[in-house]
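This report covers selected features of one protein model.

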Amino acid sequence: LYAASYFQPHLQVYHRLLDHLDFIKKEKGLIFLDDVNRHLAAYLQTGVVPDTYLCLGGQIYHFLIDEFQDTSPIQWENLVPLIDNALSQGGSLFIVGDTKQAIYGFREADYQIIVDLKNRKKKFNSVEVCVKPLVTNRRSRQAILDFVSSIFPKGIKNLLVSQDNKKMADKIEPWKKAAESSGLDNFECQGVEDKTQGGGDLFPGYVEMEFFQPPQKSKNKDEQTEDNGEEVPSGPEAEEEVELEDAALKKRVQELIPDLQKRGYDLSDITILAYKNETVVRAASWLNEKQIPFVTFSSLDIRQRPVIKEILALLQFLDFPLDNLNFSTFLLGGLFQNKLRADGHSEQKRGKLAEFILETRLRSSKKDYPLYTYFKQEYHDLWESYFEPLYRTVGYLPLYDLVSEIYRTFSVFNPDLTGDEQSALIKLLEVIKQFEGEGGSNLRDFIRFSGEETEDHSVWTMDVPESIKAVRIMTIHKAKGLESPVVILLLYTEQPPSIPFFLKEEDSGQGPARAKVFKLSKDIISDDEELKKIHEETTRRELANRLNTFYVALTRAKEELYILGQRSQKKYFPFNFLESLGFPLDQKFQSAEEKPARKARQTAGGLPGQLEMPNPPLSFLPEAPDRFRLVKNLPHYRQERRGELIHAILEKIDFLEENLEEQLEKIISDRAFRKYQPEEKEEARKSLLEFLKRPEVAEF
């Protein structure tokens, strides 16, 4: 009853949201990948085998699954029938996974699947399971391996607390159980000898760990919480408090990077890792103060940038004018607001437009008509100036030209843009060009493509060549699978896991399983063993996720690892965890009294230690009379466009006619070349005429 009364309002909103989402998906003809998994699982649970399985079952007999610890139960259940069928016919299943690196529990990944297969709790009857552990670490130097080993597995396995200290014992026991469940307390890891850039001396590696205490009068952000766990609203004063409290940490990071450069490391050899994106932003500001070039990998996907989100929202509206949400998103976004201010429409402020949107959506008499129709009536001049030309040409202009027109209409390349935003806008044009080059031309297909995860992650991410002299800054989750010569791990106090709800699955016999939602506390579970078990299992998974994330961070470094943390007045994870392992929080840890000598190496990007920005800033162009005034001056754009036009004309020529000029004029006037400007076609005609009239060419 307590859970029902607590969650009922949330569930009502949730179900209404699902209904509205389903309506939009049907209206737009969209199917989410999660929908495929869910519907497929429902079919299989009712005994219905989809035709796809019958086709695939006769074609695929060998399966290789990488990163298996990140597989969700529903994904695995959907694969089991195909794998079982393959194995029964002499096929194979090869799984690669590491439960210690299972850090995607928030995405429903469940490392227990691989644990059950390893322990034979779940198996395929037609084959025997063969487990081959990999014990050789070819990434990290010995000092790093020894340090990590002192925490995982040795430290956590040998962690003991006197029975007299029951409070500490109650905290440590869950850690031990969590580590045991993911294998952090029982694995073997051996290093390999590695020479320093061809020299004869072994480079042992180096580890340093130092934690900074905040000023006595300063309160840590993590402690500014009420008993219910909600943060006290923050403002300028709170931001100033945070800046003061980690001043020592900031200074240490700013001093460490130049020191590493002096010792022969390039900026591109250094990676800063953090648990949260807000810490990534904070670290970036520290480097920016000292004008140290950096790349924040958390924002390399251009689809995550506000300016690209707004352009994609406008494209979705143009493709489907009934899409009120995306039209509202663009109206209230920075692009449109900045353009209004630049053009002197200061009276049309964001707040006024927001009120207009709310009014049209809340009034029952206006709900039945699209938002843009009321915007067209209320703000006729704005519609005619900014939206009507795009609205009329969508479906006629090629996608590349349509986006170019959007760039021109809203003056997206303005002096206030950062270098990253400029790069993102250029990258979007490159993606569209590649999309059209592969046969795509439909706006709706591109919108669908922009919302999909691609196997090639470089499609939507800005390229960062290894030679670029810039420090990499990213979250630990982004760093999974990566490595770096030097890793600087930034630690802040993590609050104890706050689990908003608990789930208990119930087998309904046929069809999908049902789940009960619980709101549990220590008082509620004290008298109910079943609820206590649910609470402990969920908490164990949360703690395992934290320990695994910490392990992943520690194992990214190849040569040197620096763990720098900002303590708070209260001891929470990871500081209380490290202290329980025997690391004094008020003492600096060093794997050696002096940092080992390291030979500098020459790289493609230049000499070690040079501060070199990868790309010069974009120059802003004066007004041009045609609508391609911005994009046609992008790097190589004119040359590529000219080459494409000439090749397209040559494709139309089978034999040269007697009147060559008339022949070229006839070809160029074809509607297939309507996307090219008159001056472009004239230039191509003259070049071809001159080329084809040469004696050495004319004879053929």
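## A serine in a helix

In which helix does S328 lie? The residue belongs to helix 13, which spans residues 324-331. The model is a predicted one, and the values below are computed from it.

S328 has a relative accessible area of 11% and is therefore buried, since the cut-off for a buried residue is under 20%. Leaving aside residues up to four places away in sequence, S328 touches I357 and L371.

## Cysteines

A disulfide is a covalent bond between the sulfur atoms of two cysteines. How many disulfides does the structure hold? The count is 0.

C130 has a relative accessibility of 61% and counts as exposed, because the cut-off for exposed is over 50%. C189, with a relative accessible area of 39%, is partly exposed.

## Aromatic rings

A pair of aromatic rings is described by the distance of the centres and the angle of the planes. The count for this model comes to 43 aromatic pairs. In one of them, the ring centres of F68 and W76 are 5.1 Å apart and the planes stand at 85°, so the pair is edge-to-face. Both partners are buried: F68 has a relative accessible area of 1%, and W76 has a relative accessibility of 7%.

F152 and F550 form another edge-to-face pair, with centres 6.4 Å apart and planes at 75°. This pair links distant parts of the chain, as F152 and F550 are 398 residues apart. F152 sits in the loop between helix 6 (142-151) and helix 7 (154-157), while F550 sits in helix 23 (residues 529-554). Are F152 and F550 buried or exposed? F152 and F550 are both buried. A charged side chain also meets a ring in this model: K100 lies over the face of F187, at 4.6 Å from the ring centre.

## Strands 1 and 2

Strand 1 pairs in the parallel sense with strand 2 (residues 92-95), over 4 bridges.

What kind of unit do strand 1, helix 4 and strand 2 make? Together they form a β-α-β unit that is right-handed, with helix 4 covering residues 73-88.

Strands of a sheet pair through backbone hydrogen bonds, either parallel or antiparallel. An open sheet of 7 strands in this model has mixed pairing and the order 7-8-6-9-12-5-13. At its edges are strand 7 (294-296) and strand 13 (589-590), each of which pairs on one side only.

Strand 6 (residues 270-274) is joined to strand 9 (residues 484-492) by 4 bridges, and T271 has V487 in strand 9 as its bridge partner. Strand 9 is joined in turn to strand 12 by 8 bridges, again in parallel, with S484 bridged to A557 in strand 12. Strand 5 (residues 206-212) and strand 12 pair in the parallel sense over 7 bridges; here Y206 has E560 as its bridge partner.

Why is strand 12 described as largely enclosed by the rest of the structure? Strand 12 (residues 557-566) has 10 residues and 9 of them are buried, so the description follows from that count.

## Backbone geometry

Most residues other than glycine have a negative phi, and most peptide bonds are trans. The peptide bond from F152 to P153 is cis, with omega near 10°, and P153 lies in the loop between helix 6 and helix 7. Another cis peptide bond joins F573 and P574, with omega about 5°. P574 is in the loop between strand 12 and helix 24 (575-580).

E67, which is not a glycine, has a phi of about 50° and is found in the loop between strand 1 and helix 4. With a relative accessible area of 35%, E67 is partly exposed. R120 has a phi near 65° and is placed in the loop between helix 5 (112-118) and strand 3 (136-137). R120 has a relative accessibility of 41% and counts as partly exposed.

Note on methods:
Residues numbered from 1 in each chain as written. Predicted model: local features only at pLDDT ≥ 70, side-chain atom pairs only at ≥ 80, totals over all residues. Heavy atoms only, no water. Disulfide = S-S within 2.5 Å. Buried < 20%, exposed > 50% of the residue type's maximum accessible area, 1.4 Å probe, protein only. Helix = DSSP H or I, 4+ residues; strand = E, 2+ residues; numbered from the N terminus. Contact = heavy atoms within 4.5 Å. Phe/Tyr/Trp six-rings, centres within 6.5 Å; stacked < 30°, edge-to-face > 60°. Lys NZ or Arg CZ within 6 Å of the ring centre and 35° of its normal. Pairing = 2+ DSSP bridges. Right-handed = clockwise from strand over helix to strand, strands pointing away.
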